[in-house]
Amino acid sequence: MRGAKPLGPLPELGPLSFCWMFPFVRLTFDLAFSWLAFSVTAFCADYQIEANIRYGQYAENVLDIIQSPAPALKNRPGVIVIHGDGAKERTVEQFCVPLVQHEFVVANLEYRSPISSDAKAAVNDVLEAAQWFHKHAARFKVDPDQILVLGESTGAYLALMLGMAPPSADLGPVTKVSAVINFYGVTDVAGLSPIAYVRRGLPPTLTIDGDDQSVRLTKALKEAGADAELIIVPGSEHGVDPGEMTKLWPQIFKWLRKRKIGSP
């Protein structure tokens, strides 16, 4: 991860997500920051990626929009995907493609690492990215009232902070999300902790984990009157293997449909 230094007039082009067929490059002008930024659009049979769209002032502040290559006939639900350890490209097949196949438009984020900066900087980045995605929903034919957030590991911690942190926490712009899906996120840590913001009125939260920390979070949310559910995957305290994910996706989409998120 690169150091968190503000960009000059021309930002660097970050890691790209490529498909097999005919990528092309276009220049876009971002009036919000008054600099030129590069984005790359690549097409596959099942999805297309518009990569390295800048949402903030730091080198890490880029996201990829991943969606169906078919023209959208109506607004679709959106989902912010926040990776854990490693590059955001790893999450494409694991999380983004199944969501795209269910007609979601995915914003796959990069952010400043809490290891190289601090947790507050990473939280601020994802809050800023959520605001950007909400403001640009019409550009991608996304329903701004149906944007959820999904994270894994460190990304799940950030997803919980995005869904739970109130304006009074002063961590960045607060954007309402329709649901939070938490894969193995740390929920009770020193300093900035999602469990400190448990209260009534939070977005529905689905946690997938094998750790009792998530049991405590789900219990606390329910006791506060929030909508929360926990799926325990035995023997998987550090993540779900691909075979297990094929069993989990039907449960996840059923959970979303019950909350009127996504396709009926």
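Five aromatic pairs are counted in this structure, which is a predicted model. One of the pairs joins Trp249 and Phe253, and it is stacked.

**Aromatic rings**

- The ring centres of Trp249 and Phe253 lie 5.3 Å apart, with 20 degrees between the planes.
- Trp249 and Phe253 are four residues apart in helix H5, so about one helical turn separates them.
- An α-helix has 3.6 residues a turn, so residues three or four places apart point the same way.
- Trp249 is buried, with a relative accessible area of 9%, and Phe253 is buried with a value of 6%.
- Trp249 and Phe253 belong to one aromatic cluster together with Phe95, Phe104 and Phe183.

**Helix H1**

- Helix H1 covers residues 91-101, and it is largely enclosed by the rest of the structure because eight of its eleven residues are buried.
- The buried residues of H1 are Thr91, Val92, Phe95, Cys96, Val97, Pro98, Leu99 and Val100.
- Phe95, one of these buried residues, is also a member of the aromatic cluster.
- The cover over the buried residues of H1 includes strands S4 (62-67), S5 (76-82), S6 (105-109), S7 (142-152) and S8 (180-183).
- Helix H5 (242-258) is also part of that cover.

**A charge over a ring**

- The charged end of Arg112 sits over the ring of Tyr58, at 3.8 Å from the ring's centre.

How values were computed: Residues are numbered from 1 along each chain as its sequence is written. This is a predicted model: local features need pLDDT of at least 70, side-chain atom pairs count only at pLDDT 80 or more; totals for chains, interfaces and linings use all residues. Side-chain values use heavy atoms; hydrogens and water are left out. Buried means under 20% relative accessible area, exposed over 50%, partly exposed in between (1.4 Å probe, protein chains only). Helices (H or I, at least four residues) and strands (E, at least two) are DSSP runs, numbered from the N terminus. Contact means heavy atoms within 4.5 Å. Rings of Phe, Tyr and Trp (its six-membered ring) pair if their centres lie within 6.5 Å; planes under 30 degrees apart count as stacked, over 60 as edge-to-face and the rest as tilted. A charge sits over a ring if NZ of Lys or CZ of Arg is within 6 Å of the ring centre and within 35 degrees of the ring normal.
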